[in-house]
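Dear colleague,

I am handing over the structure we spoke about, and I would be grateful if you could look through it before reading my notes, which follow below it.

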Amino acid sequence: MAKIAIDPITRIEGHLRIEAQVEGGAVTNAWSSSTMWRGIELILQNRDPRDAWYLTQRICGVCTTVHALASVRAVENALAIEIPLNAVLMRNLIEAAQYIQDHVIHFYHLHALDWVDIVSALDADPQATSQLAESISDWPLSSASYFAGVQAKIKAFVESGQLGPFGNAYWGHPAYKLPPEANLMAVAHYLEALDWQRNFIRIHAVLGSKNPHLQTYVVGGMTLAIDPNGQSVLNAERIALLKDLFARGREFVEKVYIPDLLAVASFYKDWAAIGGGVGNYLTYGDFPIGVGDPSSKPDLFFFPRGIILNKDLSMVHPVDHAKITEYVTHSWYEYAVGDAASLHPWEGETSPNYTGPTPPYKFLNTGENDKYSWLKAPRYENQPMEVGPLSRMLVAYASPDAPSHASVKEKVDTALGALGVGPEALFSTLGRTAARGIETWVVAEAAMGWLDQLTDNIKAGDLRIHANEKWDPQQWPRSAQGVGMTDAPRGALGHWVTIEDGKILNYQCVVPSTWNGGPRDAEANNGPYESALIGTPIADEEKPLEILRTVHSFDPCMACAAHIFDAEGREVISVKVQ
Ligand code: NFE
Ligand code: MG
């Protein structure tokens, strides 16, 4: 029996530590610990609610735009402001581009190296690699000479001894199963995806002026003016550019990402029975396809809102945000009413209370009553919930009336058919990774439709981008509460705001990586990462590659989740807010 600690987990955003008990070649217990704290929720107190989106967007530089969206929705919900269709569609297009870029980067640059052995690619036959690539896709970069060139590039890189992002890995580990040719093809696409994503995300520059941290949100709509014939606005030429960027994005997803995903997955089907976890799936839904308050009118969503319990796809349960609470029993915070309690975000408190060991330490205190993470533990009716692409795909798959149902079902069934597995394979590490790819495919297609809808609406003469009738803050209620629910690339994202006398009294964000990566609650229920790790096989305790596979399948982002301490636990900076 051995206890192991992996810290930091790399190829994620932020600081994550996993401790695991390993017995008889498998994980028997696990603890997920976020080792940084940020406190953005406190920075928001006493601010003008119209500024919240701008500040909360700084929670993360990866999923940047989604906090702006959750925030404007929370304030619009509090103030009963309905935004016009053009603003709905612009927000959808920004978020769709975020999903597509984020998921492609996750697959190639954060997750692939758990399955793809770069060193083995050096042994590949470029001719056979070309045949393999051409057998699964008509993507043009597929000749033997192209793959020989990529191989020469990797060889020069390895021989230089400066492995950079490929250093400190588990190359040659027995759990790598791809033949050298599949490894070479995947590495070639890893490099192509780097370039592809840089170009694709120009969509955010067009619609948001820049990326990360888009500039064009405003409570009540968007600030990007529309005029088909104007300069420096969303005009006909800019719309044509968006069409081209989305079309090329979709082509890469359909011709590179999806074929690679299916090719790689076919060698790892045993991972369809590993890493299932809590078996409860929550999504708030997203991408409204019409006007209306998205927090109270989920029927408007392309991806439906819902909950699946105990892996039972025959029933989708409704979501009532009043049933969401957060525990701090095992988190480095304290609640005024005592740490066994759980609080709804409108009553939420952010009072840091570090009780962990003094660094350097070998292991955290993970006894029955110990705190061990900067993440709170969100629960729905006291149950842990997995959030993310798998939750969205399962709820859409099981919701026949949802606008996305036909597209999701067709693509899920295609993927399952190609792999020769049934829907139960989705409840796993492999299922989580496959669902992210399927979702990218669905969104890449749907985004073209939202862009057409925006174009048609503009052609019909509607240039509105803001709820002009609600422009005057003097007319707004001085005190109100709101919730902004969105589904970010990594899952259900909610912001809760309490406004008093025109200022923010309390602001709480409950974010995807907190749902997935949070610790135990007062009743000792594990968080989703912790549950998913139990049972994971470990071939070599010194090289726990298998733990990385399951943790990465969730696509962790700790900056979002822990909303500054350095490696020694010292505070890095303290910011005084006037
Ligand atoms: Ni920082 Fe995020 C997403 C949000 S995850 S990446 O997607 O919200 O917790
Ligand atoms: Mg929070």
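Predicted model: local features only at pLDDT ≥ 70, side-chain atom pairs only at ≥ 80, totals over all residues.

As a point of reference, the ideal angle for four tetrahedral donors is 109.5 degrees. C557 has a relative accessibility of 0% and therefore counts as buried, and C560 is buried as well, with a relative accessible area of 2%.

The iron atom of ligand 1 lies 3.1 Å from the nickel atom of ligand 1, and C560 coordinates both. The protein donors of the iron atom are C63 and C560, again through SG, and they lie 2.4 to 2.7 Å from it. Here the arrangement is irregular, because the 4 donor atoms around the iron atom of ligand 1 subtend angles of 73 to 164°. C63 sits in the loop between α2 (52-56) and α3 (64-79), while C560 belongs to helix α16 (residues 558-561), so the pair ties together parts that are 497 residues apart in sequence. Both of these residues, C63 and C560, are buried.

α3 and helix α4 (residues 85-111) pack at an angle of about 150°, and their axes are 9 Å apart; the crossing in which α3 passes α4 is left-handed. On the side of α3 the contact is made by T64, T65, V66, L69, V72, R73 and E76, and on the side of α4 by R91, I94, E95 and Q98. Sorted by class, the contact of α3 with α4 has 4 nonpolar, 3 polar and 4 charged residues.

Finally, a note on another part of the chain. D227 is found in the loop between β5 (221-222) and α9 (236-265), and it is partly exposed, with a relative accessible area of 32%. If residues up to four places away in sequence are left out, D227 touches V233, L234 and N235.

With kind regards

Terms used:
Residues numbered from 1 in each chain as written. Chains lettered and ligands numbered in written order. Heavy atoms only, no water. Donors = N, O, S within 2.8 Å, 3.2 Å for Na, K, Ca; no water. Tetrahedral: all angles 85-135°; square planar, octahedral: opposite > 155°, others 65-115°. Helix = DSSP H or I, 4+ residues; strand = E, 2+ residues; numbered from the N terminus. Buried < 20%, exposed > 50% of the residue type's maximum accessible area, 1.4 Å probe, protein only. Axes fitted to C-alpha atoms, helices over the stretch in contact; angles between N-to-C directions. Left-handed = near helix turned anticlockwise from the far one by under 90°. Contact = heavy atoms within 4.5 Å. Nonpolar A, V, L, I, M, F, W, Y, C, P; charged D, E, K, R; others polar.
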